[in-house]
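Subject: A structure to look through

Dear colleague,

I am handing over a structure for you to look through, and below it I have written out what was found in it. Please keep the structure open beside the text as you read.

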Amino acid sequence: MRSRYSAYVKNNWQYVLDTTHPENPLANDPQSLKDDIQSTCDSLGFEKLKILLVEPGKDENEGYVTFQTWFKTQGQMGQRAQGWHTQTFVERSRFLKNDSGRWLYVDGEQEWKR
């Protein structure tokens, strides 16, 4: 989880792609994934990551990581359009271990905080 976060901070879309499980729909469309990562990195200023919980899944090849991240956004409409503003969300991410023992991101559920 931390390495994927670092990849987003550094706009390293290839690492994010390499650590995405084939069950994730974007894993089969590298150009869309690259575009999505670059768009995210261009519009966010990453500030902090906090791992909240690590849980096992249904077997030894599945696991969950719940984390919170803080980031700044720019260019919003309305009263927040005057520069950078900090936002945060919590995500529970699901990972599956591949045949070589590497954990790969499958999907996640986000809860946005105000």
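Predicted model: local features only at pLDDT ≥ 70, side-chain atom pairs only at ≥ 80, totals over all residues.

The largest pocket has a volume of about 540 Å³. It is lined by 23 residues, and those closest to its centre are Tyr8, Phe89, Glu91, Tyr105 and Gln110. If you wish to trace where this lining comes from, the elements that give two or more residues to it are helix 1 (2-9), helix 3 (30-43), strand 1 (44-56), strand 2 (62-73), strand 3 (85-97) and strand 4 (103-113). Sorted by class, the lining of the largest pocket holds 14 nonpolar residues, together with six polar and three charged ones.

The second largest pocket has a volume of about 190 Å³, and 13 residues line it, with Met1, Val54, Val65, Phe95 and Trp103 lying nearest its centre. At least two lining residues of this second largest pocket are supplied by each of helix 1, strand 1 and strand 2, and the largest share, three residues, comes from strand 2. By class, the lining of the second largest pocket divides into seven nonpolar, three polar and three charged residues.

The protein has three helices and four strands, and, read from the N terminus, its elements follow the order α-α-α-β-β-β-β. Of its 114 residues, 33% count as buried. When we look at contacts between residues at least 6 apart in sequence, 46% of them join residues that are at least 24 apart. The accessible surface of the protein comes to about 7300 Å², and 46% of that surface belongs to carbon and sulfur atoms.

Next come the charged pairs. Side chains of opposite charge can pair when their charged atoms come close. How many salt bridges does the count come to? The count comes to five salt bridges, and I describe some of them here.

In one of them, the side chains of Arg94 and Glu23 meet at 3.9 Å, N to O. This pair links distant parts of the chain, since Arg94 belongs to strand 3 while Glu23 lies in the loop between helix 2 (13-18) and helix 3, and the two are 71 residues apart. Is Arg94 buried or exposed? Arg94 counts as buried, because its relative accessible area is 17%, which falls under the 20% cut-off for that word.

Another salt bridge joins the side chains of Glu47 and Lys72, at 3.3 Å, N to O. Here too the pair links distant parts of the chain, with Glu47 in strand 1 and Lys72 in strand 2, 25 residues apart. Glu47 is partly exposed, with a relative accessible area of 41%, and Lys72 also counts as partly exposed, at 28% relative accessibility.

Asp107 is partly exposed, with a relative accessible area of 34%. Salt bridges that share partners join Glu23, Glu62, Arg94 and Asp107 into one network.

Leaving out residues up to four places away in sequence, Arg94 touches Glu23, Glu62, Gly63, Tyr64, Leu104, Tyr105, Val106 and Asp107. One of these, Leu104, is found in strand 4, and Leu104 counts as buried because its relative accessibility is 6%. Setting aside neighbours within four places in sequence, Leu104 is in contact with Asp18, Thr19, Thr20, His21, Pro22, Arg94, Phe95, Leu96 and Asn98. Leu104 and Met1 are 103 residues apart in sequence, and in space they are 9.3 Å apart, C-alpha to C-alpha.

With best wishes,
A colleague

Conventions
Residues numbered from 1 in each chain as written. Heavy atoms only, no water. 1 Å grid on protein atoms, 1.4 Å probe; cavity = no way out; pocket = protein on both sides within 12 Å on 5 of 7 lines; lining within 4 Å. Points joined across faces, edges and corners; volume = space filled by probe spheres on them. Nonpolar A, V, L, I, M, F, W, Y, C, P; charged D, E, K, R; others polar. Salt bridge = Lys/Arg side-chain N within 4 Å of Asp/Glu carboxyl O. Buried < 20%, exposed > 50% of the residue type's maximum accessible area, 1.4 Å probe, protein only. Contact = heavy atoms within 4.5 Å. Areas by Shrake-Rupley, 256 points an atom, 1.4 Å probe, with all protein chains shown as cover.
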